[in-house]
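Let's look at how two protein chains meet and at the space they leave open. Here is a short tour for you.

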There are 2 protein chains.
Amino acid sequence: VIRVIAFDGDDTLWHNETVFSLTQQRFRELLGAHVKDAAHLDERLHERETVNLALFGYGIKGFTLSMIETAIEVTGGAVSAREIQLLIDAGKAMLQHPVELLDGVPDTLEALAPDYKLMLVTKGDLFDQESKIARSGLAGLFWRIEILTEKDVGSYGRILRRHRIAPGEFCMVGNSPRSDIAPVTALGGSAILIPYPLTWAHEADHAELGVHRVLGSISQVPLAIQEMGSR
Amino acid sequence: VIRVIAFDGDDTLWHNETVFSLTQQRFRELLGAHVKDAAHLDERLHERETVNLALFGYGIKGFTLSMIETAIEVTGGAVSAREIQLLIDAGKAMLQHPVELLDGVPDTLEALAPDYKLMLVTKGDLFDQESKIARSGLAGLFWRIEILTEKDVGSYGRILRRHRIAPGEFCMVGNSPRSDIAPVTALGGSAILIPYPLTWAHEADHAELGVHRVLGSISQVPLAIQEMGSR
């Protein structure tokens, strides 16, 4: 029987990808003046981010450094210091962006809190995630909060052991098939996928995710958990 | 009786400030060509870091962004994209810098491990700290590892509660009076200060640190702990 329900943060409880998208739009506008083929800017930035990921990890500061490097690369060094400062300012604006909860989030967590232990299991920059959790106003609803650099079978396994949770008692709710669903079902836990519109296109393959449910909104979680418990 | 000995990471187990110092030297050399008064560069960088701390937290990625902003500021926007790329490269070199243990570290930890539960309690960027812990080769010696964004009475108190450690059973070993000593003695725990030469000048006031010991090297910790247990 499910006893612990864990939620992902970015794009499950609060909007995140929209903030990155807005900044990438500003990045395109800024560099559009320098390069003829603005269509490839997103691709170049994504390539640079992927290369830097092993050094920077996930998060806004690393993303900002990747924007600056891409700007220098695609302009052949012609980008000005003033334009680079605008990229840093865009990164700072992201760090200060208000935390916008997805629809139904506080009501759903409050409805579940009396009957389940609620966890937050999120990935990314520690300082940034702690700041978002504080600003979300949700921290008091969680029994445990875990911030990871990578969500995989190893890190979920450590969490279950540390908090003495049997896999059969654990259900993970998130928007990422690869980070929130696959590792949890591999460990024998339950998982609920709530796709986030903007990121959905990136992660398409459901084949190796194991048994899980897909919902359209977090508001449907309480009923789904009830059904899972009585199956 | 002391049962748990916790160690700080940066400048207690491995060298950290020396890496920042080398990068700041490169920063001064690079901008020396632009500004007349290179003596003020350190000060300007430190001011920029302090302002950015609330947004960036501690860590190399934030430090790199602060170097770039300072370079733009002190040159009035005249710094070139190529020079900014050199600052990013310097930040990347810091992230890849080999983890150099202080003298006596592995021997001391191995000597203590049979009789005490050892913890690592470090502050900074999650991704960067996890990477350093992995590269240090010390991870297997620790009972628990905690990475914090801020070391204060609140965060130490949470650690003691979470791992069910009484303050009287806990001894913290570190190089920072403010982060490693004052909050721990305020909670009723023991503390051992091992000053690190380069940072020692910054934190001078011992008045409000509570009862603690000061040692010259980590190799003296086992004897000091024995004496503390039998006082």
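## About the model

This is a predicted model, in which local features need pLDDT of at least 70, side-chain atom pairs count only at pLDDT 80 or more, and totals for chains, interfaces and linings use all residues. Residues are numbered from 1 along each chain as its sequence is written, chains are lettered from A and ligands numbered from 1 in the order in which they are written, and side-chain values use heavy atoms, with hydrogens and water left out.

## Where the chains meet

Contact here means heavy atoms within 4.5 Å. By that rule, 32 residues of chain A touch 32 residues of chain B. Together the two chains bury about 2900 Å², with 69% of it on carbon and sulfur atoms; buried area is the accessible area (1.4 Å probe) lost by two parts on being put together, summed over both.

The interface of chain A and chain B has two salt bridges (a side-chain nitrogen of Lys or Arg within 4 Å of a carboxyl oxygen of Asp or Glu). In a salt bridge between B:E69 and A:K92, the closest N and O atoms are 2.8 Å apart.

## The largest pocket

Now for the open space: the largest pocket holds about 1900 Å³. Its lining has 44 residues, and the closest to the pocket centre are A:I145, A:E146, A:R162, B:E146 and B:R162. On a 1 Å grid over the protein atoms alone, a pocket is an open set of points where a 1.4 Å probe fits, with protein on both sides within 12 Å along at least five of seven lines; lining residues have an atom within 4 Å of a point.

How values were computed
Grid points are joined across faces, edges and corners, and a volume is the space filled by probe spheres set on the points.
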